[in-house]
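Have a look at the model first, then read on.

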Amino acid sequence: MQFVDELIADVDKALRVINGVVFESRPNPGRGLPDGVMSEAEKRHAAGLMRVNNVGEVCAQALYDAQGRFAQTPEIKKAFAHAGIEEEDHLAWTAERLRELGSHTSLLNPLWYGGAYVLGSIAARLGDARNLGFVSETERQVEHHLLGHLDKLPAQDNRSRAIVDQMRIDEIEHGQAARDLGAAEMPAPVKGLMKAMAKVMTTVAYRI
């Protein structure tokens with residue numbers, strides 16, 4: 001019976017995330033900030049970048065749900081649950097900004113979510129140290145990616161920039177929390193594979 005309950009909860013969460021039915025626990029840091037005038041090309045570019053960030057948060061929901069579900073200790077499960085709440089904030093904020101920019105979330109969200117859930121499940125089955133190591137490396141790469149977006153976003157896009165900067169701060173904290181809990185260092189080939197997969201995702205999500 002517990003398995004059925006967990007399955008129903010997982011399916012419900014997946015449907016909510018894929019369809020954008022998410023909730024913020026903290027106010028959107030970009031809400032209410034004045035935006036400078038942007039050309040249509042700049043708006044499209046900002047929307048592409050924020051769509052990439054939104055997809056990253058769809059993946060984060062799937063990863064953290066799977067990693068928390070199959071983690072081996074209550075402490076690790078709690079850490080994933082806490083991080084997942086903050087990642088849901090990011091998901092809500094980026095979706096709101098996409099609407100403001102007159103754009104949409106990725107049409108491939110079901111694919112992104114499903115693939116990330118599988119990866120999270122595999123990471124969790126390798127034990128808590130490697131599970132946390134996957135988080136640490138993921139957040140390190142995400143931090144680098146968000147710094148790049150701060151350089152690429154139009155200077156006058158104050159709302160997007162505020163969201164991305166708060167996301168960056170949160171991702172640093174999530175990575176450090178994983179290391180504090182005993183994250184193992186990921187092998188170089190795994191880091192390279194993760195980077196390559198992220199490159200494919202960001203390239204596709206920018207457009208679709």
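## Ground rules

This is a predicted model, so to speak of local features a pLDDT of at least 70 is needed, side-chain atom pairs count only at pLDDT 80 or more, and totals for chains, interfaces and linings use all residues. Residues are numbered from 1 along each chain as its sequence is written, and side-chain values use heavy atoms, with hydrogens and water left out.

Helices here are DSSP runs (H or I, at least four residues), numbered from the N terminus. Axes are lines fitted to C-alpha atoms over the stretch in contact, and angles run from 0 to 180 degrees between N-to-C directions.

## H2 with its partners

Start with helix H2 (residues 40-69), whose axis comes within 12 Å of the H5 axis, the two crossing at roughly 170°. H2 and H5 are therefore roughly antiparallel (an angle over 145 degrees). On the H2 side, the contact (heavy atoms within 4.5 Å) includes His45, Leu49 and Tyr64, while the H5 side includes Asn131, Phe134 and Lys152. Sorted by type, that contact has 7 nonpolar, 6 polar and 2 charged residues. For the sorting, Ala, Val, Leu, Ile, Met, Phe, Trp, Tyr, Cys and Pro count as nonpolar, Asp, Glu, Lys and Arg as charged, and the others, Gly among them, as polar.

H2 also packs on H3, at an angle of about 160° and with the axes 8 Å apart. That makes H2 roughly antiparallel to H3. The crossing is left-handed (the near helix is turned anticlockwise from the far one by less than a right angle; clockwise would be right-handed). The contact of H2 with H3 comprises 10 nonpolar, 8 polar and 7 charged residues.

## H5 against H7

Helix H5 (residues 128-152) meets helix H7 (residues 188-207) at about 45°, with 11 Å between their axes. H5 passes H7 in a right-handed crossing. Phe134, Glu137, Thr138, Gln141 and His145 of H5 make the contact with Lys191, Met194, Lys195 and Thr202 of H7. Its residues split into 2 nonpolar, 4 polar and 3 charged.

## The cavity

How many cavities of 30 Å³ or more does the structure hold? There is 1, where a cavity is a set of points on a 1 Å grid over the protein atoms alone where a 1.4 Å probe fits but cannot get out, and lining residues have an atom within 4 Å of a point.

Helix H3 (74-100) and helix H6 (158-180) are the elements giving two or more residues, and H3 has the largest share, 4 residues. By type, the lining has 2 nonpolar, 2 polar and 5 charged residues.

Methods:
1 Å grid on protein atoms, 1.4 Å probe; cavity = no way out; pocket = protein on both sides within 12 Å on 5 of 7 lines; lining within 4 Å. Points joined across faces, edges and corners; volume = space filled by probe spheres on them. Parallel < 35°, antiparallel > 145°, perpendicular 65-115°, else oblique.
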